[in-house]
Amino acid sequence: MQGEAGTANPSAEAAAESLRPLGTGGARASGGSWRPAPSVRLTVAGHGAAAAAALVDPMLWPWALGAVAASHAWLLAGGLTPGSSILGPNVVRLPAAAVARRQVALTFDDGPDAETTPRVLDLLDAAGARATFFCIGRRARALPALVREIAERGHAVENHGDSHSHATAMFGYARLRADIAAAQETLAELAGRRPRYFRPMGGFRNPWLDPILHGLELRQACWTRRGHDSVRRDPGAVLRRLTRRMAAGDILLLHDGDAARSAAGTPVSVEVLPPLLAALRSAGLHAVTLGEAAA
Ligand SMILES: [Zn+2]
């Protein structure tokens, strides 16, 4: 889907929004008032129009109902697509300035993990690379020293929710806000800096997320490419997925928590990281945190 910003076509507008890079992502964290994404405004307006049509001519009510159902399906599809911005701004690439600096962002989800995270930190240090860790609040409270260490070694600790519940996308406003806010408090205290980015679990979202993130001064960040290292046990296949068409500006997703194990019993992300860092180096690319890339 391609489109230009400012067009009257809401799906094209949403597509243009989804391509908007980090650093030009609108009013997030600027203190401005929150406005629903165009798709959400359109859906609300559509509900009113459908109700009015059914009142004016009762024969129209099946069509009105169908239109309402279709708009809900559209929002649901947007919520289930990690690269989509239908439900609000979503960072999936680094901004132009970072591309010019030949920067990429390595991001690690679902940690901290007592075994994998220290090994990832050592590999990053050896390569002079910095990364962004989207930590789970309850895991951070179980391993507080490790979260402090991530930050002290120059990496960014960001928010991946508190419970990492598989039902997160179904949470209502209050429960979702409480989950994200709890992780925000834990991670801010341990890392010594309030997280500025939030990554929804599995990239799934619901319409409550955007206003909640706005209130907590968080920006939503997904990824350009992922290797599925939490489910695939073949490090070679994961590496190929991550490095295919690799370019400056990419945001790559790996896992330090819940990493799959290779045949040798090693976390797949730990096996993938050395050749991935070597590939970055030979391509003249520099691994930085999301915050550094946005500076
Ligand atoms: Zn996750």
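These are my notebook entries on one chain, a predicted model.

**Entry 1: the whole chain**
I began with the overall make-up. I counted 12 helices and 8 strands in the secondary structure. The chain has 295 residues, and 45% of them are buried. Next I looked up contacts between residues at least 6 apart in sequence, and found that 74% of these join residues at least 24 apart.

**Entry 2: two helices side by side**
How do helix 5 and helix 11 lie relative to each other? I looked up helix 5, residues 116-127, and helix 11, residues 268-282. Angles under 35 degrees count as roughly parallel, so helix 5 and helix 11 are roughly parallel to each other.
I then listed who makes the contact. Helix 5 brings Thr116, Arg119, Val120, Leu123 and Ala127. Helix 11 brings Ser269, Val270, Leu273, Pro274 and Leu277. I sorted the residues of this contact into 7 nonpolar, 2 polar and 1 charged.

**Entry 3: a glycine in a loop**
My next stop was Gly257, in the loop between strand 7 (251-255) and helix 11. Is Gly257 buried or exposed? I found 23 C-beta neighbours inside 10 Å, and a residue with 20 or more counts as buried, so Gly257 is buried.
I also checked what Gly257 touches beyond its neighbours within four places in sequence. The contacts are Asp109, Asp110, Gly111, Pro112, Asp113, Ile136 and Arg139. I looked again at Asp110: Gly257 is 147 residues from Asp110 in sequence, yet their C-alpha atoms are 4.3 Å apart in space.

Terms used
Residues numbered from 1 in each chain as written. Predicted model: local features only at pLDDT ≥ 70, side-chain atom pairs only at ≥ 80, totals over all residues. Axes fitted to C-alpha atoms, helices over the stretch in contact; angles between N-to-C directions. Helix = DSSP H or I, 4+ residues; strand = E, 2+ residues; numbered from the N terminus. Parallel < 35°, antiparallel > 145°, perpendicular 65-115°, else oblique. Contact = placed C-beta atoms within 7 Å. Nonpolar A, V, L, I, M, F, W, Y, C, P; charged D, E, K, R; others polar. Buried ≥ 20, exposed ≤ 12 C-beta atoms within 10 Å, placed from the backbone.
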